[in-house]
Amino acid sequence: MDKCIGEVGGRENFWRKDGIVMKPQKNTLVLAALSGVPFIMVLGNSMLIPVLPAIKETLHLTQFKVSLLITLFSIPAGIVIPLAGFLSDRFGRKNVIAPALILYGLGGIVAGLAAIFLKNLAYPAILGGRILQGIGAAGTAPIAMALTGDLFTGKQRGIALGIIEAANGLGKVVSPILGALLGLITWYATFLFFPLVVIPVVLGLWFLIKEPESNRQAQSVNQYLKSIARIFEKKSAMLLTSFLGGAAALLILFGVLFFLSEHLETIFRLNGVRKGGALAIPVLFMSTTSYLTGRIIKKRLALMKWLVVGGLALIGGALTMIGFYRTTYLFFIAISLAGIGTGLTLPCLNTIITSSTATERRGLVTSLYGGVRFVGVALGPPLFGLLMGYGLPFMFWSMAALAGVTALLAAFLIRVRDMKAPTATEEKNRPALYTPQPAYGLAAHKPWNPPDERGP
């Protein structure tokens, strides 16, 4: 149970968790360390986008094969994330995030060294390095989101999650420019950069954040699988719609960035840092909007819902506009509006998902959500590559339809009453999906879901 028992400077910094009084941590340092995790994770795809044409030319790849450099990072991440959530609930968030970041950096080393020593034959080894990075990425941002939900309560949770999403967006802003700069050295310098930035983030996470141990749950794998069904028992429509919203927003974002990577060179004749700056435009608007949205929403549940609906509708409208008119100025205005729509949508979905579930289930729920988001990222580039063959208007209008349908589903299926975490009484009275059995004939299992917090 989370219960605020005091405030410092107007902030709810003292709280009681399962009978343990949690001491206040230095919020600025904690948030800086937490924000470094999604910032590093997002470099994994976004930093490569400016150098994809160079990789394609050097290794003589098709458009589909070059898109696999994004897809084979994101698909393993999406698959492994639920396992990372299970491990974080059982052994602690930090104990998962730190090794995951190290594996993430190791994958960059594998890909970079393959490019150096294997030359034109490096493509399969680079894909192997990308798969390693994707597995590592599974234990980073989604678990950091769950850890943020553990450390912050009340109004501060919405603000903190907005900052985490803004860090994710800032990484997307910086990474195209950084990738373009590294590409001036050589295209594989982007891979070798990953281990360099991982080290300070791991150290900051390990030494600056004190994780509450009371969140750890000694569930068996069987209980964990059954808990997945229980999560969706009463809030399936809201959670599934939220998952779809996050996946759709990121599918469209990374599809647009993949399209821009080639389009900016062939149509607008932009290369190097100028190209990286142009790629950063939509994600700059997204990052700024994410931060502001996190500051505004706090505990305003109805506002969160309609910002999700409005954000998705704005994405759809912007893509429809590009389908009709593609003058230079209108094109960049439209992709900026799409970035704003994404910035309105994602922080609200983060807060809805983390605040509507019990503390003990938060690692699982955010991991599932993170997995779905990675699937969206994975599908964006190849899907846009496929739709380009049918013409740009059809490509943009198809994605506008996806955003519009998702907005309608959010309007009808995300209900304010479902956004609140169950109270301790509700959890106690809810029928269990299984009957705990004695462990090895010695002792009974502790029910996996102790009384929940009384709301964010």
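At 60% relative accessibility, Arg269 counts as exposed (exposed is over 50% relative accessible area, buried under 20%, partly exposed in between, with a 1.4 Å probe and protein chains only). The model is predicted; local features need pLDDT of at least 70, side-chain atom pairs count only at pLDDT 80 or more, and totals for chains, interfaces and linings use all residues. Residues are numbered from 1 along each chain as its sequence is written, and side-chain values use heavy atoms, with hydrogens and water left out.

Arg269 sits in the loop between α10 and α11. Its phi is near 55 degrees, a positive value in a residue other than glycine. His60 also has a positive phi, near 60 degrees, and is not a glycine either. His60 lies in the loop between α2 (52-59) and α3 (63-91). His60 is exposed, at 65% relative accessibility.

## Overall build and confidence

The protein chain has 16 helices and five strands. These are DSSP runs numbered from the N terminus: helices are H or I with at least four residues, strands are E with at least two. Of the 456 residues, 59% count as buried. Take contacts between residues at least 6 apart in sequence: 83% of them join residues at least 24 apart. Contact here means heavy atoms within 4.5 Å. The chain exposes about 18000 Å², and carbon and sulfur atoms supply 69% of that area. Accessible areas come from the Shrake-Rupley method with a 1.4 Å probe; for residues, only the protein chains shown count as cover.

Mean pLDDT is 81, and 82% of the residues reach 70 or more. Residues 1-24 have pLDDT below 50; beyond near neighbours in sequence, this stretch has 64 contacts in the model. Residues 432-456 stay under 50 as well, with 59 contacts beyond four places in sequence. pLDDT is the predictor's confidence in each residue, from 0 to 100.

## Salt bridges

A search of the whole structure finds three salt bridges. The criterion is a side-chain nitrogen of Lys or Arg within 4 Å of a carboxyl oxygen of Asp or Glu. Lys56 and Glu262 pair at 3.7 Å, N to O. Lys56 is in helix α2 and Glu262 in helix α10, so this pair ties together parts 206 residues apart in sequence. Lys56 is partly exposed at 23%, and Glu262 is partly exposed at 28%.

Asp150 bridges to Arg93, with the closest N and O atoms 2.8 Å apart. Asp150 is in helix α6 (residues 141-151) and Arg93 in the loop between α3 and α4, so the pair ties together parts 57 residues apart in sequence. Asp150 is buried at 0% relative accessibility. Arg93 is buried too, at 2%. Glu265 and Lys275 form a salt bridge at 2.8 Å, N to O. Glu265 belongs to helix α10 and Lys275 to helix α11, so this pair ties together parts 10 residues apart in sequence. Glu265 is partly exposed at 25%, while Lys275 is buried at 1%.

## Buried helix positions

Thr241 is in helix α10 (residues 236-266). Thr241 is buried, at 6% relative accessibility. A polar atom of its side chain lies 2.7 Å from the backbone oxygen of Ala237. Setting aside residues up to four places away in sequence, Thr241 touches Leu409, Ala410, Leu413 and Ile414.

Ser287 is in helix α11 (residues 272-297) and is buried, with a relative accessible area of 8%. Not counting residues up to four places away in sequence, Ser287 touches Ala166, Gly169, Leu170 and Val173. Leu182 is in helix α7 (residues 154-185) and is buried at 12%. Leu182 touches Met47, Ala189, Thr190 and Phe193, again leaving out residues up to four places away in sequence. The C-alpha atoms of Leu182 and Leu192 are separated by 9.8 Å, with the two residues 10 apart along the chain.

## A nonpolar surface patch

Leu106, Ile109, Val110, Leu113, Phe117, Leu118 and Leu121 make a nonpolar surface patch of about 660 Å². Patch residues have over 30% relative accessible area and no salt bridge; like charges are joined within 9 Å, and nonpolar side chains (Val, Leu, Ile, Met, Phe, Trp, Tyr) within 5 Å. Leu121 lies in the loop between α4 (94-118) and α5 (123-137). Leu121 is exposed, with a relative accessible area of 68%.

Conventions: A polar contact is a pair of N or O atoms within 3.5 Å; within protein, one must be able to donate a hydrogen and the other to accept it, and residues adjacent in sequence count only if both atoms are side-chain atoms.
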